[in-house]
Amino acid sequence: MERTTMDKLEIKALCLSQLDRQTRIEKTAMAQYPGTACGFRVVTNNLQSIKNSRTLLVGSDSCLFNARLTMKLCSMMANPLTDNLALLPVTNGDLIFGMDKKIRSAVDEISAQKEPAVLFVVTTCIIEMIGAELDILVDTICQEVSFPIVVIHTEQFTCNGPETGLENMMKSLIQLMKPQPVNKKSINLWGCIHNPFPGKSEIGQWLIGNGYQINATFPGQTSLAQLENAPGASLNLVMGSYGIPLAQAMESLFGIPYLAFEMPCTPEAIGDLYQKIANQLAITVDLQEESACLKKKIAHTKKMLLGKTCVLGMFHGMQTGRIFNLVELFAQLGIRVKGLLLREVLDEDWDDLQRLQLQGIDFPILQADNSIQSEAFINRLQPDFYCGDSAEFRDLEIPCVSLMPVLGRNGFEAVNTLLQLLLKIPEAQEIKGYRKKYLEKWGNYDLS
Amino acid sequence: MTCLKKGFPEASDYFGTVWTLLGINDGIILEHGSTGTLSYHVMNFRRMDAIDLKKKYFSSGLNEADLVFGQEDKLIEAICEIDNDYEPKLIALVATGISQTMGMDLDGIVKEGQGMIKSPMLAFTGGGFAGHYRNGIEMALCQLVSSLVKEPVGRQKKQVNIIGMTMADYNYRSDLSEIRRLLSLLDVRVHAVLCQDTDVNTIETMAESALNLVVHDTGQKAARYLQQHFDMPYLQSSPFGIQGTVQWLEMVGTQLGITVNPGVIAREIRQYGKILSDFCTMLTPYQNLHVGISGSSVYVLGLTRILKKEGGMPVDLAVVKYDPDFSETEGLLKAWGVRTILQDPSEDCLSKAINAHRPQIFFGDSNDLEIAEQVHVKIHSDFPCYDQFQFYDQTPFMGFRGNACLLQTLLNAVSRHPEVWGL
């Protein structure tokens with residue numbers, strides 16, 4: 001364990017060579033900023049894309065106020081989310097006397113306004129803590145209304161991120177599904193986060209091109225009918241580990257096999273993924289042209305970036321994608337990764353990670369839970385650029401390449417997008433350093 | 001009665017506490033709760049008003065294990081870490097819904113932990129169960145003055161404090177900037193602003209000022225505390241409109257024993273003292289446009305003064321929110337001829353009132369303006385204001401410049417909606 005003091009902060013980094021399955025990436029601090037996003041937020045945002053659904057949020061005002069505010073802000077984006085939220089704030093009295101009556105009356109009110117196709121009841125920490133038996137209550141209410149009601153538990157305090165909430169959300173969808181005759185040419189796509197239309201992603205289009213029909217998708221734009229018909233698919237493709245509990249439940253209940261994977265980054269790994277899917281579907285795959293084209297682009301990009309150094313962060317606040325395979329891609333580009341910010345090592349990471357260890361590639365890895373420590377870590381390593389989730393690193397004087405545009409894309413398209421981003425290092429970086437240095441020098445100047 | 005919130009739920013005391021404490025530059029907030037809340041704030045506060053929480057706001061990251069095995073050690077460790085790494089002048093330990101539900105004794109933590117750290121520490125224990133956010137601001141301001149303000153060494157005759165200006169007040173940066181400028185016309189200096197862009201040392205020494213100016217009602221209790229304990233007079237009033245601003249300056253001058261220079265005021269009026277009738281023509285009879293205003297009592301009264309009392313526009317509908325002295329506000333608005341005055345209406349009620357009055361112009365917060373979908377000219381004038389940035393500090397609605405800025409904003413907005421003339 002390497003310990004260094006940087007701006008008074010103790011940076012507790014771990015080296016790649018020290019990582020094994022028993023090692024945990026230590027927290028960087030007890031006082032956390034900003035901390036991980038919660039399941040409540042991610043679940044709430046994703047549920048808005050189910051057509052004609054309503055989402056009843058039950059929680060403290062701080063959660064509900066923030067949820068509404070986020071939704072308002074999201075309404076000003078490209079692909080704006082529909083605000084289908086109904087908010088039920090928890091009061092002091094509710095903690096003592098329970099919320100059964102209130103929830104029942106909220107459902108009545110929603111029902112009276114305009115019956116939704118489906119109603120999701122989403123909990124927050126406070127509801128989980130008081131142990132409200134929402135599932136039992138909702139089971140009873142369900143008998144009295146004509147639309148399905150699904151409870152999603154999103155307690156942040158039981159985990160260190162949104163994953164549990166997301167898993168619960170995905171798994172809860174099974175309550176909406178109805179047994180269907182299986183269409184062998186039909187596939188569900190689960191877990192393609194940040195893409196409102198997963199069927200239009202590269203993998204979705206490739207499947208369609210091979211005569212398959214995209215059945216149900218989520219996250220992404222969908223409807224109750226699509227979710228009900230999900231058991232009619234012959235395969236569940238799960239792009240992200242949080243979709244696995246749903247796939248497992250569907251396998252056990254409807255006998256649908258699944259194939260789960262995190263997004264690969266090197267041409268070889270992408271080819272392997274397509275081959276794996278093809279094997280599962282018993283079809284042949286020929287992506288030599290795409291692979292060759294990507295390799296050519298990598299070679300071209302390498303000419304521009306050879307010898308550069310970078311610190312790599314996650315694609316997003318939530319752990320997604322094969323991050324160590326991304327390190328391998330960077331090695332192919334001639335970029336030396338000087339450090340990595342990471343929340344955890346996913347099961348699917350170990351093969352990539354061990355390959356890097358065998359090659360003798362080594363660099364420090366820091367828990368990505370606190371942006372202040374992360375920023376100090378990046379500053380200390382002084383790479384040519386930082387590449388990853390950059391929302392909290394606005395003060396860095398080095399260029400930041402945000403990986404957000406890569407999210408929601410998959411296959412060769414995702415890497416092509418990444419290469420474009422790497423070749424277009426953001427401009428107007430020097431002003432940050434100029435401003436910082438000017439204020440440091442003159443900020444305390446005696447104006448009198 | 002409806003239990004659902006269609007728009008925004010009322011922000012609780014917890015938000016009020018946090019929005020107040022963020023005004024102390026050398027203080028750090030440590031919130032005892034799960035990280036999800038802070039993660040949400042970081043995104044939303046920045047988008048709302050370019051508020052950067054980095055190195056100002058931390059979460060203890062309360063989790064399930066802490067609830068089972070105890071939270072105190074972890075919290076104290078986080079406190080010590082902040083004390084050591086950032087050396088703040090104040091650590092504000094803020095309760096959340098979770099810590100309050102678990103019955104966490106934050107006052108006890110302060111007593112236990114204070115000896116281990118250099119920074120002073122205060123606990124703010126509302127946790128979201130102590131009322132509206134305005135209560136949270138009021139309580140936080142009272143706690144800050146009662147805990148931090150020291151006996152003054154002397155009194156500065158031409159120095160005042162401003163109390164009750166926080167980031168939860170619409171246009172606070174610009175209004176504050178204008179108030180400072182107005183006071184400089186009297187050669188008066190602003191010492192502490194509770195709570196905006198201030199520091200612990202300034203709060204500690206605020207009893208050295210000669211007068212406290214309460215510009216929003218949330219500051220009244222703190223001002224009363226300072227009056228009782230430090231014999232500091234206070235003046236509760238905000239400068240709106242030309243006449244209103246002159247009167248405000250005269251009141252401040254009287255309190256401080258300063259004569260207002262009429263030449264200076266004349267210069268100001270010449271420069272910023274436009275009135276609505278200056279712009280009215282046969283084709284643009286602005287004084288005939290009907291107005292509705294929603295917001296805090298200070299802003300509703302202030303805008304009504306500019307638009308109706310000094311501008312001659314019919315203000316038919318006034319919606320007053322979170323006003324502890326509503327009857328007084330209502331009396332004033334009635335005296336100025338406002339036809340319908342509502343107090344904290346539900347969203348349905350507000351919608352019905354707007355539809356009944358059909359004003360051509362409506363002032364309110366972002367949510368009100370969304371509700372007022374039939375209204376053609378919508379102008380932001382209250383918090384929350386999530387669809388308009390407010391970080392530039394020279395667009396006040398208070399003071400002489402505020403008078404000019406408000407009229408300019410109004411006229412420009414009307415110009416973009418010529419259809420109002422046909423209504």
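How do the residues of the lining of the second largest pocket divide into nonpolar, polar and charged? They divide into twelve nonpolar, six polar and 18 charged, where Ala, Val, Leu, Ile, Met, Phe, Trp, Tyr, Cys and Pro count as nonpolar, Asp, Glu, Lys and Arg as charged, and the others, Gly among them, as polar.

This is a predicted model, in which local features need pLDDT of at least 70 and side-chain atom pairs count only at pLDDT 80 or more, whereas totals for chains, interfaces and linings use all residues. Residues are numbered from 1 along each chain as its sequence is written, chains are lettered from A in the order in which they are written, and side-chain values use heavy atoms, with hydrogens and water left out.

The second largest pocket holds about 1,500 Å³ of space, and 36 residues line this pocket, those closest to its centre being Asp395(A), Leu439(A), Asp52(B), Lys54(B) and Lys55(B). Helix α17(A) gives five residues, the largest share of the lining. A pocket here is an open set of points on a 1 Å grid over the protein atoms alone, where a 1.4 Å probe fits, with protein on both sides within 12 Å along at least five of seven lines, and lining residues have an atom within 4 Å of a point; the volume is the space filled by probe spheres set on the points, which are joined across faces, edges and corners.

Turning to the interface, 60 residues of chain A are in contact (heavy atoms within 4.5 Å) with 61 residues of chain B. The two chains bury about 5,100 Å² between them, 62% of it on carbon and sulfur atoms, buried area being the accessible area (1.4 Å probe) lost on putting two parts together, summed over both. Two salt bridges are counted between chain A and chain B, each a side-chain nitrogen of Lys or Arg within 4 Å of a carboxyl oxygen of Asp or Glu. Glu375(A) forms a salt bridge with Lys54(B), with the closest N and O atoms 2.8 Å apart.

Some features of the backbone also deserve attention. Most residues other than glycine have a negative phi, and most peptide bonds are trans. The bond from Tyr33(A) to Pro34(A) is cis, with omega near -10°, and that from Leu194(B) to Cys195(B) is cis, with omega near 0°. Glu87(B), a residue other than glycine, has a positive phi near 45°.

Methods
Helix = DSSP H or I, 4+ residues; strand = E, 2+ residues; numbered from the N terminus.
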